[in-house]
Amino acid sequence: MHIEIPEKPAAALAALEAAGLHAWAVGGAVRDALLGRTAADWDITVAAQPAQLAAALPDAKPMGGVYGTVSWHGVEITPCRAEGGYSDHRHPDAVAFGTDLAADLARRDFTVNAMAWDGRTLTDPYGGQADLQAKLLRCVGEPEIRFGEDALRIMRLYRFAGMLGFAIEENTGAAARRLAPALAAVSAQRVRGELNKACHGARPSALAPLIAADGLTAFGFSGEALRTDPNALAPLDAVPDNLLCRWWALFKLTKSDAYRAGRVFDFGRSFVKDFARMDALYAAGCPADTHALKRLLMEPVPFSFADAAETFAAVSPAFASLPALYRALEKSGEPYRKEQLAVTPAELLVEGIPGRKIGAVQQCLLKAVVDTPALNVYPTLAQMAKQLRGMV
């Protein structure tokens, strides 16, 4: 077996070995490499005390915190460590550094993340390779202990299930569901980060058991719809990989309070505004024809309406015709946005329209050409604009 390591982490392993230290690539990068996936980040652990690591790589930059992590040419390197006690269900009460890789792997969440590669040998004490082949997520050791130490691991379990398309081992899943409410102790920022990653996954509907078990109730979600219908979240997988669309569909399908969650997660004004626009478009219902769709879209849509149309169709059969309707409108070239008018704001100024009236004149012209596309030629619009000058 051979795992190809990119240049920078390979250089880090070589530099540490040259300094007489044994180091390994660990965690998700090893997992992804074995799956044939491209790893986003490569983390290195080294059998050394923090002082030894600093001496071996004097140009490394400390990253702060109690874990002894340093950054060396963009690669994060952490001394092997064991952890003890998690009284807040998130952070270890004590960290002990040492030279024991086994102890370092024993503290990790899932078997598929508890493998290490030093460039020659794969260390896999918990059967991570077998679970990769079986496409199974299983805790390292007792699930109750792992999730009790760090409740965010419950969130990561369902995120990995959706991202990798893996099943969850029975005992691991049962423990996660029992302890799901403990996620309330995790910061909204960390939960939102995991949900963002889950929403970008191939199967975001994997979140369903977590939500049904009230794991996200503290953040504005309701599990009632999923307890009534365990498959209620399945349409989410058909929603385009667009963060706004997937968040919108996630709330809609679970019948959760999106605006309460928006405050908890601090989505930001722009996201909330776009979310409200999605709500308004959905509430308007599916247009009967392209003319009705043009009228609906006269107010600018600050996101991909093609993605929104696919989202609405995934969420409700009532919108099944909308994606094809929108494609037909785009193919027709018929105008429905101010930018598509055959007269520009600069040209309206030349035609004598005061600057303060240009927006209102454009809106009137747009209404006219939406109803009658043949009017969208410069001479006609210029003449209409002059007639409108004294009326708006």
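I began with isoleucine 77 in this predicted model, and, setting aside its neighbours within four places in sequence, I found it in contact with Ala12, Leu16, Ile44, Val46, Leu53, Leu57, Gly68, Thr69, Val70 and Trp72. I then looked up the largest nonpolar core, which holds 113 residues, and noted that Ile77 is among the members that touch the most others, along with Leu216, Trp247, Phe265 and Leu365.

I listed its buried residues as Phe271, Asp274, Phe275, Arg277, Met278, Leu281 and Tyr282. These lie on the same side of α14, because they cover an arc of only 155° around the axis. On the other side of α14 I found Arg269, Lys273 and Ala283 exposed. I also checked what covers the buried residues of α14, and this includes α12, α13, α15 and α16. Just after α14, I noted that glycine 285 takes a positive phi of about 85°.

Last, I looked at the whole chain, which has 20 helices and 11 strands. Its radius of gyration is 28 Å, well over the 21 Å that the globule rule gives for 392 residues, so I recorded the chain as more spread out than a compact globule. I noted too that 47% of the 392 residues count as buried.

Notes: Residues are numbered from 1 along each chain as its sequence is written. This is a predicted model: local features need pLDDT of at least 70, side-chain atom pairs count only at pLDDT 80 or more; totals for chains, interfaces and linings use all residues. Side-chain values use heavy atoms; hydrogens and water are left out. A nonpolar core is a set of buried Ala, Val, Leu, Ile, Met, Phe, Trp, Tyr and Cys residues joined through side-chain atoms within 4.5 Å. Buried means under 20% relative accessible area, exposed over 50%, partly exposed in between (1.4 Å probe, protein chains only). Contact means heavy atoms within 4.5 Å. Helices (H or I, at least four residues) and strands (E, at least two) are DSSP runs, numbered from the N terminus. The arc is that of the directions from the helix axis to the C-beta atoms. The radius of gyration is taken over C-alpha atoms; the globule rule is 2.2 Å times the number of residues to the power 0.38.
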